[in-house]
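Dear colleague,

I am passing on the structure below, and I would be grateful if you could look through it alongside the notes that follow.

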Amino acid sequence: MHTYSLNDHAAFILQVGCGHCGEHAAVSFAILCALHGGGMSALLGSIVKSGNANIDHAFVVGGLRPREIIETTIRSSRNSSGSVGEAIDVWNLRDALTDAGAGTDGYVCDPYLDPSQIAQTARALLASLNSSRRRSRHKDTDFLWYGDVFPATPALSRTTVASVRNV
């Protein structure tokens, strides 16, 4: 099996013109990483390839850095991103916003969905993740799926826990 680099993966998706949210998130992550390295680091901050931890949907969150990567397993039968017992890496969005401090809202890059369908800031995304509608379906959570972070340094610590809320 051949493994593609992040840039090769993004180029293939753009050349073929295919993809769903995961591919769009991969392209967004690659472009934002390139922009970050091209002198826009102060504007972009940390970039996290991410997505919902309990619904199958990927996107990019920026301007925040995860406190840690949490290695856990899916425990909720309502989780549509995987099966119960399957391993998943997550990060706590509420903790990242707290660590960033008041006035830092972060941003969400999700070119797959219409802008009216996705929160534009990480703070608004957290509110959406904990909405009354999601609470009524037992899908409210502070946790997002973790795919990658840029820049990679300093390295994020890893913690293993049996389960996190509604994942």
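Helix H4 gives three residues to the lining of the largest pocket, the most of any contributor, and helix H5 (132-136) is another element that supplies at least two. Helices here are DSSP runs of H or I with at least four residues, and strands are E runs of at least two, numbered from the N terminus. A pocket is an open set of points on a 1 Å grid over the protein atoms alone, where a 1.4 Å probe fits, with protein on both sides within 12 Å along at least five of seven lines, and lining residues have an atom within 4 Å of a point. This one holds about 310 Å³ of space, and among its 15 lining residues Asn 52, Gln 117, Ile 118, Ser 128 and Arg 134 are the closest to its centre.

Please bear in mind that the model is predicted, with local features needing pLDDT of at least 70 and side-chain atom pairs pLDDT 80 or more, while totals for chains, interfaces and linings use all residues. Residues are numbered from 1 along each chain as its sequence is written, and side-chain values use heavy atoms, without hydrogens and water.

Helix H2 (residues 21-44) has end C-alpha atoms only 21 Å apart, whereas a straight helix of its 24 residues would reach 34 Å at 1.5 Å a residue, the expected span being 1.5 Å times one less than the number of residues. A kink of about 100° is centred on Gly 38 in H2, the bend being the angle between axes fitted to the seven residues ending there and the seven starting there. After H2 comes Gly 45, with a positive phi near 65°.

Best wishes

Key: Points joined across faces, edges and corners; volume = space filled by probe spheres on them.
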